[in-house]
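The structure under discussion is shown below.

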Amino acid sequence: NLLINCLNLYQILLLCLLLTGCASTTLYTRSQLLMGHVPVQITVKINLEQRAMADAAMDDAYRLARLLESKLSEYQPNSEVSCLNQQAGRGACHLSESTLTVLSAAKELNKKLGGYFDIRFASKTKRGLQGEILLDEKRAKGKLKSPETKIGLGAIAKGYIVDQMLQQSELKNFHDVLISAGGDTAGRGGPWPVAIQIPNQPPGEFTAPMLLKDQAIATSGNY
């Protein structure tokens, strides 16, 4: 369910029409595998002499992503989320500001959506699915009240990490940036043409491109 950046020749020409200074700038892209072997692609519009600065900013963004992943991933045994799962029904875990922010947002979404968004999906029993997630922001601690509760942040953490890469890393020094991590894409500046791989169609069969400007978009699916 990859959200595809349609930066082919046609769309680059489109950008040239929509953005000024095309003759003196270029689109510079790098990609790394993060967040469970997801290709995380960063594209920056730069002047030709800004290549080294862009590389340093991308390195900083990838470092930040790995740091956040080490806290938020339930698949990393030493993460803060894994601590909550391992200590469920027993003790509290120290939680960083980032983890508290994501957990608080997840709880709020659960309320707003009437339970249809629920990070307790990994629980195997009804009791676990209904177990309380206790957060103490003043003491920077959290706890899963029921020993049968297990949580996973895959539905929200990836988007949060992409947002933080865009806003809190050295990429903030660039006006036009697009970050795509599988089904989560966020852009600053632009407009950026993006499209979605059509389910059950050969690779390269996309929906009509849409233009993203200071926006984010996400997809979800099992194809």
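## Basis of the description

Two strands are taken to pair if DSSP finds at least two bridges between them. The model is a predicted one.

Isoleucine 133 faces leucine 144 in E6. Four residues lie between the strands in the hairpin of E5 and E6, where alanine 140 adopts a positive phi near 55°.

Together these strands form an open sheet of three strands in the order E4-E6-E5, with antiparallel pairing. Strand E4 (93-94) and E5 are the edge strands, each pairing on one side only. Helix H4 lies across E5 and E6 and runs at about 135° to E5.

## The five-stranded sheet

Another open sheet contains five strands in the order E2-E3-E7-E8-E11, with antiparallel pairing. E2 and strand E11 (216-218) stand at its edges with a single partner strand each, so one side of each has no neighbour in the sheet. On average, neighbouring strands of this sheet are turned by 10° against each other, direction ignored.

Within the sheet, E7 and strand E8 (residues 184-188) run antiparallel and are joined by five bridges. Serine 180 has threonine 185 in E8 as its bridge partner. Two helices are placed against these strands. H2 lies across E2 and E3, at about 25° to E2, while H6 lies across E3, E7 and E8, at about 20° to E8.

## The contact of H2 with H6

The axes of H2 and H6 come within 9 Å and cross at roughly 150°. This crossing is right-handed. On the H2 side, the contact involves Ala61, Tyr62, Leu64, Ala65, Leu68, Glu69 and Leu72. H6 contributes Ala157, Tyr160, Ile161, Gln164, Met165 and Gln168. Classified by residue type, the contact has ten nonpolar, two polar and one charged residues.

In soluble globular proteins, nonpolar side chains tend to be buried together. In this model the largest nonpolar core has 46 residues, and the members touching the most others are Ile42, Leu153, Met165, Leu171 and Ile179. Two or more residues each are supplied by strand E2 (25-34), strand E3 (38-47), helix H2 (51-72), helix H3 (80-86), helix H4 (97-112), helix H6 (154-168) and strand E7 (177-181). H2 provides the largest share, nine residues.

Leucine 153 has contacts beyond its neighbours within four places in sequence: Leu72, Glu74, Val81, Val102, Leu103, Ile119 and Lys158.

Technical notes. Residues numbered from 1 in each chain as written. Predicted model: local features only at pLDDT ≥ 70, side-chain atom pairs only at ≥ 80, totals over all residues. Heavy atoms only, no water. Core = buried A, V, L, I, M, F, W, Y, C linked by side-chain atoms within 4.5 Å. Buried < 20%, exposed > 50% of the residue type's maximum accessible area, 1.4 Å probe, protein only. Contact = heavy atoms within 4.5 Å. Axes fitted to C-alpha atoms, helices over the stretch in contact; angles between N-to-C directions. Left-handed = near helix turned anticlockwise from the far one by under 90°. Nonpolar A, V, L, I, M, F, W, Y, C, P; charged D, E, K, R; others polar.
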